[in-house]
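Thanks, everyone. I will take one structure this morning and go through it region by region. Please have the viewer open.

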Amino acid sequence: MSAATTRSRTPDRLCAEAVDLARSAAEEAAAPGVVGEHAGLLSEGDRVVTHYFECKELGYRGWRWAVTVARASRAKVVTLDEVVLLPGPDALLAPEWVPWSERLRPGDMGPGDLLPTDAEDLRLEPGYSGEDEPLPDSAVSHEMAELVEAEDAEVTAGVPANLSVAPSRGSIASVAEELGMRRARVLSRYGLHVAADRWEESYGAKTPMAQAAPASCVTCGFLAPIGGSLGQAFGVCANEFAPADGRVVSLTYGCGGHSEAAVMPAPPRPAPPVIDETRVDPFPLRPAADSGSVSVGADEDSAELGHS
């Protein structure tokens, strides 16, 4: 270790003693009564020392005023370098900054808000852009496109020479537009899986509502089917009284608003027990008058002699 390095770790005596100079500089930069007690010093290098003072300003708990003083070589006068407010080891700091794309949550957008999509968004992939040239032997070649445009021009009002642009019917762009493929980007497989997982978690078979439902949405008349590959597992609820009205629900989801809930057969009831332990059988203390072998209407003589 060199002598210069050793000297840099040892605070300069004159700079270390310049506490009053550092305090006056901190009080000048801060509001009155904000600078607290001296909280130590740190050697920044040869004849460079930083003094720390407690900060009493509200909202800056654990922060310190850092005043750096320096002295030129062989000089007897200590000069001021800088005054800053720095967080201490136990300072109250703001949360780490997060990009807006990671802070955004469902429902944060309001009327008039614009949400730009990243060009490298994994949920999207390039769709039909119209830049691909058709093969010469393709179904819609250049010659076929010109022929179709010429035929369209004949039935178009006005002279073809007076038309501003040639009819686009029959071209690749128009066919793609009719098929719904004119979008610049479409959902990728990753985007489809992410959406399916999100919908399944909100309105799927594992939700408490679906667990208590009499039947699933696949048999409900209020389920509006959707197209595409997602239509094999999801639909849109159209029951205004259902908790998922207007939302994409899984076919395995269900609720009490099922269209056939009122006509569904009642669940079978268990058979009554063989021994009814909840019933009380009366046992009279004396037998009934008509329980014996002698009838109630017998005369007294026969009653005294008995029936023999």
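Two strands count as paired if DSSP finds at least two bridges between them. Helices (H or I, at least four residues) and strands (E, at least two) are DSSP runs, numbered from the N terminus. What you have on screen is a predicted model, in which local features need pLDDT of at least 70, side-chain atom pairs count only at pLDDT 80 or more, and totals for chains, interfaces and linings use all residues. Residues are numbered from 1 along each chain as its sequence is written, and side-chain values use heavy atoms, with hydrogens and water left out.

Strand 7, residues 223-225, and strand 8, residues 234-237, run antiparallel and are joined by 3 bridges. Ala 224 stands opposite Val 236 of strand 8. Strand 8 is also joined by 3 bridges to strand 9, residues 248-250, again antiparallel. There, Gly 235 has Val 249 of strand 9 as its bridge partner.

Ser 250 belongs to strand 9. Is Ser 250 buried or exposed? Buried means under 20% relative accessible area, exposed over 50%, and partly exposed in between, with a 1.4 Å probe and protein chains only. Ser 250 has a relative accessible area of 3%, so it counts as buried. For plain contacts the cut-off is heavy atoms within 4.5 Å. Leaving out residues up to four places away in sequence, Ser 250 touches Glu 200, Tyr 203, Gly 204, Cys 217, Ala 233 and Phe 234.

Next, the cavity. On a 1 Å grid over the protein atoms alone, a cavity is a set of points where a 1.4 Å probe fits but cannot get out, and lining residues have an atom within 4 Å of a point. Grid points are joined across faces, edges and corners, and a volume is the space filled by probe spheres set on the points. How many cavities of 30 Å³ or more does the structure hold? It holds 1. The largest cavity has a volume of about 100 Å³. Its lining has 13 residues, and those nearest its centre are Cys 217, Cys 220, Phe 222, Cys 237 and Cys 255.

Strand 1, residues 35-45, pairs with strand 2 in the antiparallel sense over 6 bridges. His 38 is placed opposite Phe 53 of strand 2, and Gly 45 has Val 48 as its bridge partner. The two strands form a hairpin with 2 residues between them, and Arg 47 in the turn has a positive phi of about 60 degrees. Strand 2 pairs with strand 3 as well, antiparallel over 7 bridges, with Thr 50 opposite Thr 68.

A nonpolar core is a set of buried Ala, Val, Leu, Ile, Met, Phe, Trp, Tyr and Cys residues joined through side-chain atoms within 4.5 Å. The largest one has 17 residues, and Val 35, Phe 53, Trp 65, Val 67 and Val 69 have the most contacts inside it. Helix 3 (19-29), strand 2 (48-55) and strand 3 (63-71) each give two or more residues to this core. Strand 3 gives the most, with 4 residues. Not counting residues up to four places away in sequence, Val 35 touches Arg 23, Ala 26, Glu 27, Ala 30, Phe 53, Glu 54 and Trp 65. Apart from this core lies another, of 11 residues, including Tyr 203, Ala 210, Ala 242 and Leu 251.

Last, the whole chain. It has 9 helices and 9 strands, and 21% of its 308 residues count as buried.

Conventions: 1 Å grid on protein atoms, 1.4 Å probe; cavity = no way out; pocket = protein on both sides within 12 Å on 5 of 7 lines; lining within 4 Å.
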